[in-house]
Each structure stands twice: as structure tokens, then as C-alpha cells.
Amino acid sequence: MSTQPEVKRIEELRRLLQQAGYAYYVLDAPIMEDTVYDRLYRELQELETQNPELITPDSPTQRVGDRPATHFTSVRHNIPLYSLENAFNIEELQSWDQRWRRYSPIQYNNVELEYVSELKIDGAALALTYENGFLVRGTTRGDGVMGEDITQNVRTIRSIPLRLNFDGLENIAKVEVRGEAFLPLQVFKEINEKRQKAGEQLFANPRNAVAGTLRQLDSRIVAQRQLDFFAYTLHITGLDDSSIANTQWEALELLQKMGFRVDTNHKLCHSIAEVAEYYQYWDTERLNSPYMTDGVVVKLNTFRLQEQLGFTQKFPRWAIALKYPAEEAPTRVEKITVNVGRTGALTPLAEMLPVQLAGTTVSRATLHNSDRIEQLDIRIGDTVIVRKAGEIIPEVVRVIKELRPADTQPFIMPSHCPVCGQQVVRETGEAVTRCVNSSCAAILKGEVEHWVSRDALDIKGVGEKLVYQLVDKGFVHSIADLYELKTDKLCALERMGQKSAEKLVKAIAQSKTQPWSRVLYGLGIRHVGSVNAQLLTEKFTTVEELTAARQSDIAGVYGIGAEIAQSVYQWFRTPANQTLISRIQTIGLQLANSTETKAVEKINQNFAGKTFVVTGTLPTLKRDEAKALIQKAGGKITDSVSKKTDFLVVGADAGSKLEKAQNLGISQLTEAQLLTMLAE
């Protein structure tokens, strides 16, 4: 039973952490050092673990879900999310301005009005619902009428408050906030660098990355991607006094007071001419922005006028998106080369005459695969139009065939690996051509780079240049060879002194203590990321268990689909990989969970033989998700309460099942208590 001092301390810690999070993620003005935040966070975690009945949905510890969702549920938006009409130049903006004036029931001819101009962030629209100040639902835009409930993923976005700042707004019963989830460009770059090293397909642009991230079933993956959020629309219900926000400008100010991050680059314009100036200014300045923007959203400022104008079947009449044209440039293809990645994937690249594009010099562009080459019909010597996909990754848009030299020949992907000379293969149903020679130097270099990377074995001091030297000089033929490197051998390498060599050997040796999940991730099995590796090692606690597992057993793990299961199953049945496992096991790497981890799994068996009933609406889990978690832990699920029921998991609006459980003296659990039991 929790004590009064513990209750007060938990409340104080939540308040301090929420203030710190708001200052850091929304105001960009930290009020405490990271070490202090971490210490307070750990203290709150410990107190909540000791007092699970005090865990609340708005606690900073509840941002990341414990287990992956099994699916997303379609929900109807309370207020439709309309798309915006597009304009592509100032003339079309002026035509829109004249059009709404003609439609307006009140004549505004020759009257200057206020417009709010906001940068159009290139991400994914979200609708957030708050009841009595607490986040209860987050949904995708969908088709504007129906969206998907992704609340568990939304909760991982640090700039979205779990609880609103309600000073002076206590009478508000329900708040709906619309905004844009996005990826800062630096974060997007880091994600793609990791994916490239892992041999995974790159995201074409931040928008695609955000959309794909939000639909991840495992919220832990979403949390790793570090999404951000800007709020831009506010709807309030349950409040008679509408004067709290009469304009879009006031609504943006109120959103920030409530705890949301609002893009500070918005501007209150007093004429359509000022809007045009804002648009023209950001045409070049957006290239210096830390996030993607593809235009300007223009809204009539006064809500009263917005209500009078209303909507067409598709768009609001009182707003428009003024888009920037995609920047494109012509150049000439000098040659087409083919790179080989860690997974053996052959990626064709167009090497071009350097051209200035979106503020940078571009001389290479990926051609993806042979299908894309055939679709473009691109040849050496062709003049092509290049643009930056999402203003990030250079891509060839089209070939200007009228300028094609007479002697050009179609480019054909090589039938043999350009690095090792072995014949390449293209599996049925795949667009990628691969080298399948495990001894290929290009594949080996990628494997070693992946093995030493931060999320894998995290071996400091081993960068790309050193890896290339080790492979090219024949010092390393397998990741296992890293652990047999000696100081005197390393000293023979370029820019490698005695102290540096000793430090490197020590760092490699220290990596033997990394846990089984990191080792599994470091092996570089196709489709197995760091989160998937963690899920697999939670189920299969030793390499022997995973090696012996059936493909269906692997696919049955939460978050592991059929494609991943097949990849893992086949990898462990390849003789060369079996030899590698044997070697690194002999070397002393961790290929089993520690005894502490196994002890945790044994405690989870307390669910075995227990009967659970789930009723009501849970704060974050759907009923099916809660039932699946209970069954996964060994519990039994029934739909009706009886004397044989051990626990009733209770949510809002529980109804008759709760009353019957109380009469029978059956133990009741909140969602938080259930999650605590599962985590113990």
C-alpha cells in the first residue's frame, strides 16, 4: 500500500519531468541537464514499480508501449480532416482570394483582411483527442472521414503532451488538435545511414519515413525514430464562452500554452500582398530549414468568417495551400556504376556532370534496380532531369530522349558481381539483384561495419576506412577474425600506432560482454532490426533455442512476421552461418540471455493456469491486445465472469461484469496493474 509521502513524491516527479519535457521538446529551452532528468525519471520508474496502482496514462514513463499492437482499428473522425486546395503561383493565390470574396454572404470587396501564413510541413497529419486534459486518442488522417487509431504510437512522440497545461482552462471538457508529425532532416539522414549500413532499402523522403513509422505495430520502433510534431488546428467543445480563441492566430498561441509545439515561422499578414511576400521569402529560406516544407498554408484569420464560408465537397473555402514547384535540373550521365551492399544487393548509380540542386552539388543519383532502369530507359550519355526526392535524395525523373547520342546502348545489369565475379541472382518476386557469395569483399565489409556499429556490438574506433583496410589486406575474412587481431599486426596498418592498436584490441575484447540481443542484431540477418532482435531473444533465450525453432514458432513471436521468420529460419540453416556461430561461441560472445533475464521470464509464468476477463475501455490497449498479452504470458481468457475467474481487467464503462466480480470477490486489475504484472 502506497504511503502519502510516496504519492506526493510521484506527483512532484511527474510535474518536474513534464515541465522539463515541455521546455526541451516544445520551447527548445532546456531547464535541466540530461543527467538530472535521467535521475528523476529513474526515481519515478522505481516508485511506480513499487506502487503500480499509482501509474497513470499521463505519466512520462508510459510513453512507449510494452508490447506491439496486433493491428490498427479504423475510426471515424469527430470532425472531418479536409484536404486543402492547391495553388502553385501568386496568380492562383489571388484567384482564390477573389473567389472566396465572391462567395461570401458579406461583401469584402476592396477590404484588406488578415491572413495567417504557416509553413506547410511535409509529414503526416494527425488528429489528437483530449478529454479533461488527457490524451485519449491519436489517429491518422486516412481519407479525411475515417482514420486509423495509432494512439500507442502517438504517445511516443515527445512533443505531443500526454496531459495538457490547463491553467485558466479548467472548464474545457474536450479538445481536438490537428497537426503534422514530421522528421527533422538530421534525424532522417541518420535513419537512412543506419538503413544503408544494414543493407535495408532507404526511405525516399521524410514524408514516406513518417508515414511508414506511424504504421509500425511496435511502438518501440516508433520511439527510436524520434518523430516530432507541430500543432496547427484547435477545436474546443464543452465550453460556452467561444471568446477563448476567435482567430487562428489566437488558437496558435493557445496551443502553445496548452503544451504543444507550434512552428514559430507563422506570420499574421494584413493583405494578400503580404502573404505573397512571405511565400517568396520562404522560397529560398526553406532550404536552410531543419525540416521539410513544400509550401505555405494560407488561412483567413477570423473564425467567424471561416464559419460563414464553410466547405466545398473537398476543401475549406477559407484556406489554401500555396505549393513550391519541385526544383529540377538537367545534366548528363557520364557512366552507370553498380555498388554491392552488405546483403549482396546490387544498386545501380548514375554518375553525372555536377549540377546545383536545392542548395547542394549533385553528381550521383541512385537508379534503385533493373526495373527502374528499364522504366527510364536510361543510358550512358543521356541528358536527364534530376531532382531531389523530398529535397533529400537525388533521383532521375526522366530522360530527354530527343538529346540522346546516336551511339548509345541500353544499360544491362551485370550478370556477375562487379566485386567478386560470382554470378548474381534475382529471386522471384524481388526487384533486387544480389550477389550470394558470402566471401565477397563488398558483403564482408558491410557485415563488419554492421557488426561494430553502435546498435550492434558498439566497438569504438572501428570506422569504414579501417574496415576496408582490414578486409583488403586479408586480415579479416569473417567477423570472428576481429577477435583474433593482435597489436603487432594492427600496427602494420596505415595511421595505426602502438597505443591505438592496443586500444582497439581492448575495445574488441570488451564487446564480448554485449548481450545476446545485440549479437543477434549484429549478425546482420536480413529484415532483423535491433527491436526485432530484442523480441526474438526474449522468446528464444539461447542460440540453440533459436536454431532449433520451427519457422512457425519464429513467426508466432509478437512483431515478427512471416518474411522475417523465413529469413531467420533460413539463415540458421546455412552451413557457413552455422560455422560462424560455432566460432563466435568459442570466442566467448554472449549467445544466451543472462540468468537475470531468465529469472524474469520464469516470473511471467505466474499467469499460467489463471483465468482473466477483460471488460470496459482500457486507456491505451484495445481489448484484443490485452487478451493477446495475457494469453502470451500463459493466462486463459473467458468472456464471462464466474467463480472460476481469477482476475477482472477493468476499463472505463465496465458495466455488469464489474458488478458481478465485486459480488463474487474477484480481484480487479487496472490496465497499468496488468502491464506491471506482465513486466515483472
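Buried means under 20% relative accessible area, exposed over 50%, and partly exposed in between, computed with a 1.4 Å probe on protein chains only. By that cut-off, Cys417 is buried, with a relative accessible area of 3%. This is a predicted model: local features need pLDDT of at least 70, side-chain atom pairs count only at pLDDT 80 or more, and totals for chains, interfaces and linings use all residues. Residues are numbered from 1 along each chain as its sequence is written, and side-chain values use heavy atoms, with hydrogens and water left out.

**Whole chain**

- The protein chain has 25 helices and 22 strands. Helices (H or I, at least four residues) and strands (E, at least two) are DSSP runs, numbered from the N terminus.
- Of the 680 residues in the protein chain, 49% are buried.
- Contact means heavy atoms within 4.5 Å. Among contacts in the protein chain between residues at least 6 apart in sequence, 68% join residues at least 24 apart.

**The cysteine site**

- The UniProt record, an unreviewed entry, places the feature "binding site" at Cys417, Cys420 and Cys440. These three span 24 residues in sequence, yet no two of their C-alpha atoms are more than 8.6 Å apart, so they gather at one spot.
- UniProt positions are given in the numbering used here, feature names are shortened, and annotations may be inferred rather than shown by experiment.
- Cys417 lies in the loop between β16 (393-399) and β17 (424-425). Leaving out residues up to four places away in sequence, Cys417 touches Val340, Gln422, Val424, Cys435 and Cys440.
- Cys440 lies in the loop between β18 (433-435) and α12 (441-452). Cys440 is buried, with a relative accessible area of 0%.

**Helices α12 and α13**

- The axes of α12 and α13 (residues 464-472) come within 10 Å and cross at roughly 135 degrees. Axes are lines fitted to C-alpha atoms, for helices over the stretch in contact, and angles run from 0 to 180 degrees between N-to-C directions.
- α12 and α13 are therefore oblique to each other. Angles under 35 degrees count as roughly parallel, over 145 as roughly antiparallel, 65 to 115 as roughly perpendicular and the rest as oblique.
- α12 contributes Ala441, Leu444, Lys445, Val448 and Glu449 to the contact, and α13 contributes Glu464, Val467, Tyr468, Val471 and Asp472.
- The residues of this contact divide into six nonpolar, no polar and four charged. Ala, Val, Leu, Ile, Met, Phe, Trp, Tyr, Cys and Pro count as nonpolar, Asp, Glu, Lys and Arg as charged, and the others, Gly among them, as polar.
- In α13, the buried residues are Leu466, Val467, Gln469, Leu470 and Val471. They pack against α12, α14 (487-490) and α15 (498-510).
- Gly474 follows α13, and its phi is positive, near 80 degrees.

**Helices α3 and α9**

- The axes of α3 (residues 90-103) and α9 (residues 272-285) come within 11 Å and cross at roughly 150 degrees. That makes α3 roughly antiparallel to α9.
- Ile90, Leu93, Trp96 and Asp97 in α3 meet Ile272, Val275, Ala276, Tyr279 and Gln280 in α9. The residues of this contact divide into seven nonpolar, one polar and one charged.
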